[in-house]
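Please read the following note alongside the sequence and the model.

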Amino acid sequence: MTAEQRPATKRFTRIEAHKALPLVTSIVRDIVELHADLEQRRERLGELRISRKGPKQRPETDPYEEEFRQMEDDLATDDGRLRGYCDELSKLGVELKDPKAGAVEFPSIGLGHLVWRLGESDVQEVYTTGA
């Protein structure tokens with residue numbers, strides 16, 4: 001995609017960001033929940049793999065290898081779902097900053113940054129100072 005084909009970055013006023021919050025909240029809630037679920041499942045899968053690997057146990061002879069592969073396939077599918085949620089935010093012009101905490105940024109028209117975190121009732125305007 002060339003620079004001419006790329007859509008301009010959406011810039012939000014505080015009022016526009018606030019109006020987008022119901023949809024953004026729904027998407028971010030899905031991201032936070034799925035991200036936490038994926039982290040737990042990856043950790044558990046890693047623990048199971050370590051506990052199953054004895055000195056004589058090889059993956060191709062492990063009777064549970066097919067289940068491990070299915071779990072990995074499920075993780076890959078849910079990784080795709082997570083990317084889809086992130087793409088939805090991007091299409092709205094919202095930048096995901098922290099999937100664990102549900103923090104996002106709305107590119108703003110003014111000098112500050114419009115930020116929001118899951119559980120907050122409104123966007124906050126944060127000003128940065130130059131060094």
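1. Strand S3 (residues 113–117) pairs with S4 in the antiparallel sense over 3 bridges. Strands here are DSSP runs of E with at least two residues, and helices are runs of H or I with at least four, numbered from the N terminus; two strands pair if DSSP finds at least two bridges between them. Val 115 stands opposite Gln 124 in S4.

2. This is a predicted model, in which local features need pLDDT of at least 70 and side-chain atom pairs count only at pLDDT 80 or more, while totals for chains, interfaces and linings use all residues. Residues are numbered from 1 along each chain as its sequence is written, and side-chain values use heavy atoms, leaving out hydrogens and water.

3. The open sheet consists of 4 strands in the order S1-S2-S3-S4, with antiparallel pairing. Strands S1 (95–98) and S4 (124–126) are at the edges, each with a single partner strand, so one side of each has no neighbour in the sheet.

4. Glu 105 belongs to strand S2 (residues 103–106). Its relative accessibility is 14%, so Glu 105 counts as buried (under 20% relative accessible area; exposed is over 50%, partly exposed in between; 1.4 Å probe, protein chains only). A polar contact of 2.9 Å links its side chain to that of His 113 (a pair of N or O atoms within 3.5 Å; within protein, one must be able to donate a hydrogen and the other to accept it, and residues adjacent in sequence count only if both atoms are side-chain atoms).

5. Asp 78, in helix H2 (residues 65–92), is buried at a relative accessible area of 12%. The side chains of Asp 78 and Arg 41 form a polar contact of 2.7 Å.
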